[in-house]
Amino acid sequence: MLFKGPISREQTIKFELKVSCPNLVSLKVVNLRSHKFSFQEMDSLQNLLMDLDCFYNDLEVQQRCHALSKMLKGVCNVKALEVSEVFLKELHRLHLAVDTECFAPSFNNLKSLTLRINNTDFNKHSLINILDCSPNLEAIKFFLRPCGRFRWTNHNSPWKMPNMTSSCLKYHLKIVELFQVGDDKYELDLVRFFLENGHVLQKMRISWVDRNLWDYSNRVYHYGNTDEFISEVMKFPRSSPNIALTFAKP
């Protein structure tokens with residue numbers, strides 16, 4: 001549908017958009033306006049990129065659950081999925097919903113998952129949730145987007161990943177790649193989680209981001225200590241004896 005001029009949320013609520021493409025293989029959903037959106041006859045779809053960053057800002061929690069539930073019914077059989085932390089958060093909320101009309105999907109055919117994460121919004125429970133929903137996942141990529149130009153150091157912000165083994169971690173996940181890595185504590189916890197719980201992990205690649213870090217305690221700029229980060233990573237226990245660790249500069 002093509003419209004002349006900008007369209008408000010109030011206008012788009014009036015429209016219900018249904019996508020039916022039986023032979024479609026790849027799809028990107030970006031800047032979606034209508035929350036009355038659904039997929040039908042999408043059995044051939046293999047690759048899906050879904051950017052929901054601007055989608056749910058003015059909807060109530062129950063409305064968001066219903067909208068995402070309706071949307072995912074038709075695309076949960078994809079083999080490759082690329083999403084942001086907003087999608088993870090809403091998917092986790094959907095699985096916690098008590099409303100029986102909300103469909104909480106499993107991605108049983110998913111082999112490759114790409115996550116674009118904003119450091120401040122990343123939630124470990126959302127990550128655990130999508131791993132549980134993807135029992136046959138073989139590869140996962142993290143693109144850790146810097147929040148603005150500088151990082152704020154905060155002793156209360158780091159969190160630890162729980163030791164929890166999903167089906168994909170125990171039997172299928174072979175490749176983990178992290179891009180734009182600084183030296184944040186939560187990034188170490190993320191690496192530790194996959195090393196300790198990836199029983200069949202074969203490859204982990206860590207690529208650094210070239211960015212200045214702002215230290216609020218000392219009021220100075222400094223660069224992340226990659227040597228210290230690597231030293232810590234090499235001390236972590238590993239569930240897989242055959243994993244190859246690679247560290248790459250930007």
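## Where α6 meets α7

Glu187, Leu188, Val191 and Leu195 of α6 are in contact (heavy atoms within 4.5 Å) with Phe229, Glu232 and Val233 of α7. By class, the residues of this contact come out as five nonpolar, two charged and no polar. Here nonpolar covers Ala, Val, Leu, Ile, Met, Phe, Trp, Tyr, Cys and Pro, charged covers Asp, Glu, Lys and Arg, and polar takes the others, Gly among them.

Now the geometry. α7 runs over residues 226-235, and its axis sits 10 Å from that of α6, at an angle of about 25°. That makes the two helices, α6 and α7, roughly parallel, a label for angles under 35 degrees, with over 145 being roughly antiparallel, 65 to 115 roughly perpendicular and the rest oblique. The axes are lines fitted to C-alpha atoms over the stretch in contact, and angles run from 0 to 180 degrees between N-to-C directions. The crossing of α6 with α7 is right-handed, in other words the near helix is turned clockwise from the far one by less than a right angle.

## What kind of model this is

This is a predicted model: local features need pLDDT of at least 70 and side-chain atom pairs count only at pLDDT 80 or more, while totals for chains, interfaces and linings use all residues. Residues are numbered from 1 along each chain as its sequence is written, and side-chain values use heavy atoms, with hydrogens and water left out.

## The chain overall

The protein chain has seven helices and twelve strands, taken as DSSP runs numbered from the N terminus (helices H or I, at least four residues; strands E, at least two). Of its 250 residues, 42% are buried, where buried means under 20% relative accessible area, exposed over 50% and partly exposed in between, with a 1.4 Å probe and protein chains only.

Take the contacts between residues at least 6 apart in sequence: 73% of them join residues at least 24 apart. The chain exposes about 13500 Å², and carbon and sulfur atoms supply 49% of that; these areas come from the Shrake-Rupley method with a 1.4 Å probe.

## Helix α4 under cover

α4 spans residues 124-133 and is mostly covered, with seven of its ten residues buried. Those are Ser126, Leu127, Ile128, Asn129, Ile130, Leu131 and Cys133. The cover over them includes α3 (85-96), β6 (112-118), β7 (139-145), α5 (167-171) and α6 (185-197).

Leaving out residues up to four places away in sequence, Ser126 touches Leu88, Lys89 and His92.

## Two positive phi values

Glu41, which is not a glycine, has a positive phi near 55°. Glu41 lies in the loop between β3 (37-40) and β4 (47-51), and at 53% relative accessibility it counts as exposed.

Gln180 also has a positive phi, near 60°, in a residue other than glycine. Gln180 belongs to strand β8 (residues 175-181) and is partly exposed, at 30% relative accessibility.

Arg238 is in the loop between α7 and β12 (244-248), and its relative accessible area of 34% makes it partly exposed. Between Arg238 and Glu196 there are 4.8 Å in space, C-alpha to C-alpha, though they are 42 residues apart in sequence. Beyond its neighbours within four places in sequence, Arg238 is in contact with Leu195, Ile243 and Leu245.
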